[in-house]
Amino acid sequence: AFFGDCGTLDLLPRRAGDAQATLDLESQVLVIFANSRFDYTHVPSGQCVTLSTFCLEEPTTLDIDRLEGDNPGALSLGPPPPPPEQLSIFGIALREGGQCESTDHTWNALERGVDGLTEVPEDRWFHTLYYDEDGSKGLCYTRHGCFGVEGVHLFDAKFFNISAHEAQLMSPSQRQVVEVSYMALTDASWDKQQLQREGRNIGHFVGIDKDDWMMMIGTFFDIAGSCFAPSASANSITANRFSFLMNLKGASMAIDTACSSSLVALHVAKQQLRLQLFDPVPACVVNGVNLLLSPACFVALAGAGMLSHEGRCFSFNASADGYARGELCS
């Protein structure tokens, strides 16, 4: 469209062989070109305003009275979905190696090839006291692991209405599950105030193998007579605690099948959502958690020859000589 006081408008063809056109325009004239806007470019002269735009015709509406054939969905692209009802993931939260505190951090680490394996940090333990390179002294022959969860001693107890004394005794695994699970819930548009006003039949399933805190709590704290000690390090409470804090009424359990714990927890949650056996289950929270807090488990696994001497996993490789331990909460 062209609007102005006076002047000319040169239409320059984009395709070879088309003719150039020059239009002399009078004052207060609006000119609309009803051809493809990709055929010409325009060069105005004089006092004028040019607008480059285009109009679309009203789309044609077709009514289909009847479909025939074996595949009514033939217009859709790709293979058909699997037979069972499909489930969706609405919220994700994680903390893992490479200082990854979110899914964005994880993708960046994968793209850049970040190596999350490090020597045992001193804020966990002094590995030189437990390290023996050839393993002849009954100690650990590796000093590497994926210590990915920063600040395992930190916890926002006030936000979750937990007393300072109880929070001090709580297993770091329980603290991580509470915080990461809440991050996932908020990512799925639920929050604490909403759930405490009206409880939901949301399930919670935690895959957890070992918890070093069971061996450590008596060393760091005097737990004699403490009413919080029994639940502070019990794996069964790892899932139940978050369900209680968030007023979640669905099934709540910790699952220990060793290295496959989180995978089995995910499968059980999927079955809960698909079968809907009793009360309707709108969603499930699924966690996998493992923290490296004590050298005792490293020494025991080294005694069984399960750990890699190189401190690395070489899956499906002839040079593989064990696995490297790691930690995360997701």
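**Exercise 1. The R95 salt bridges**

E101 forms a salt bridge with R95, with the closest N and O atoms 3.5 Å apart. The model is a predicted one. Find which residues are linked with this pair in a network of salt bridges, and state the burial of each member.

*Solution.* 
- Step 1. Classify the first pair. R95 has a relative accessible area of 13%, so R95 is buried. E101 stands at 30% relative accessibility, so E101 counts as partly exposed. Buried requires under 20%.
- Step 2. Look for another partner of R95. The side chain of E179 meets R95 in a salt bridge, at 2.9 Å from N to O.
- Step 3. E179 and R95 are both buried.
- The network of salt bridges links R95, E101 and E179.

**Exercise 2. A helix-to-helix salt bridge**

The structure holds 7 salt bridges. One of them joins R241 and E166. Determine which helices R241 and E166 lie in.

*Solution.* 
- Step 1. Take the distance. The side chains of R241 and E166 meet at 2.9 Å, N to O.
- Step 2. Assign the elements. R241 belongs to helix α7 and E166 to helix α2 (residues 164-169), so the pair ties together parts 75 residues apart in sequence.
- Step 3. Classify both ends. R241 is buried, at a relative accessible area of 8%. E166 also counts as buried, at 16%.

**Exercise 3. Rings around Y182**

A search of the whole structure gives 7 aromatic pairs. Classify the geometry of the pair F159 and Y182.

*Solution.* 
- Step 1. Treat F159 and Y182. The ring centres are 5.2 Å apart and the planes stand at 65°, so the pair is edge-to-face. The cut-off for that class is over 60 degrees.
- Step 2. Locate the two rings. F159 is in the loop between β8 (144-145) and α2, Y182 is in helix α3, and they are 23 residues apart.
- Step 3. Compare accessibility. F159 is partly exposed at 28%, whereas Y182 counts as buried at 11%.
- Step 4. Treat F160 and Y182. F160 lies in the loop between β8 and α2 and Y182 in helix α3, so the pair ties together parts 22 residues apart in sequence. Both residues are buried.
- Ring pairs link F155, F159, F160 and Y182 into a cluster.

**Exercise 4. Core and sheet**

Identify which residues touch the most other members of the largest nonpolar core.

*Solution.* 
- Step 1. Of its 18 residues, F155, F160, I162, L185, I202 and M246 touch the most other members. Helices α3 (172-187) and α7 (235-245) each supply at least two core residues. α3 gives the most, with 3 residues.
- Step 2. Inspect I202. Its contacts beyond four places in sequence include L185, W190, L248 and V285.
- Step 3. Examine one pairing. β9 (residues 203-208) and β10 run parallel, joined by 4 bridges. H204 has S252 in β10 as its bridge partner.

Note on methods: Residues numbered from 1 in each chain as written. Predicted model: local features only at pLDDT ≥ 70, side-chain atom pairs only at ≥ 80, totals over all residues. Heavy atoms only, no water. Core = buried A, V, L, I, M, F, W, Y, C linked by side-chain atoms within 4.5 Å. Buried < 20%, exposed > 50% of the residue type's maximum accessible area, 1.4 Å probe, protein only. Contact = heavy atoms within 4.5 Å. Pairing = 2+ DSSP bridges. Salt bridge = Lys/Arg side-chain N within 4 Å of Asp/Glu carboxyl O. Phe/Tyr/Trp six-rings, centres within 6.5 Å; stacked < 30°, edge-to-face > 60°.
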